[in-house]
Amino acid sequence: RPHNKKKGSARTCVWIPSQNKGLCTECDVSIWQIQESNGLIRWCKGCKNFRPWKFFGGKFFVTKCVPCREGQKERYKEKRDSGKSASKSMLLPKEDVKE
């Protein structure tokens, strides 16, 4: 929500929330340009913070930055591998089947 610092001032500021509660979906997934630095930022749903656009790997439709996606990938592998080792111990050895 834009607001002026002083009445009659040409400069406007944008309020950036620390949480995205109350933001519409369009604002949640948009890429924002910072006027002073021409930098681009976007909201990361993983670390729940605005991150520089370059942290998203140039992929427009992702909702998490690369570090968050990498962390998620590692946690998934660990969970998957621990599940496989537990299920392997429960399986009986296969018998040779003649066709």
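Is C68 buried or exposed? Select C68 to begin: at 18% relative accessibility, this cysteine counts as buried (buried is under 20% relative accessible area, exposed over 50%, partly exposed in between, with a 1.4 Å probe and protein chains only).

Before moving on, note that this is a predicted model, in which local features need pLDDT of at least 70 and side-chain atom pairs count only at pLDDT 80 or more, while totals for chains, interfaces and linings use all residues. Residues are numbered from 1 along each chain as its sequence is written, and side-chain values use heavy atoms, leaving out hydrogens and water.

**The cysteine pair**

Searching the whole structure turns up 0 disulfides (a disulfide is a pair of cysteine sulfur atoms within 2.5 Å).

**The core**

Now select C44, W53, F56, V62, C65 and C68, the 6 residues of the largest nonpolar core. Such a core is a set of buried Ala, Val, Leu, Ile, Met, Phe, Trp, Tyr and Cys residues joined through side-chain atoms within 4.5 Å. Next, center on F56: leaving aside neighbours within four places in sequence, its contacts include R42, W43, C44, V62, C65 and R69 (contact means heavy atoms within 4.5 Å).

**The sheet**

From C44, look across to N49, which stands opposite in β5. Strand β4 (residues 40-44) runs antiparallel to β5, and 4 bridges join them. Show the strands as a cartoon: 3 of them form an open antiparallel sheet in the order β3-β4-β5. At the edges are β3 (31-33) and β5 (49-52), each pairing on one side only. From one strand to the next, the twist averages 40°. Here strands (E, at least two residues) and helices (H or I, at least four) are DSSP runs numbered from the N terminus, and two strands pair if DSSP finds at least two bridges between them.

**The salt bridges**

How many salt bridges does the structure hold? There are 2, each being a side-chain nitrogen of Lys or Arg within 4 Å of a carboxyl oxygen of Asp or Glu. Select K73 and E70, whose closest N and O atoms are 3.8 Å apart. They lie 3 residues apart in helix α2 (residues 66-90), so about one helical turn separates them. K73 is partly exposed at 43%, and E70 is partly exposed at 39%.

Finish at D81 and R80, a salt bridge with closest N and O atoms 3.6 Å apart. D81 is partly exposed, with a relative accessible area of 40%; for R80, also partly exposed, the value is 36%.

Methods:
Axes fitted to C-alpha atoms, helices over the stretch in contact; angles between N-to-C directions.
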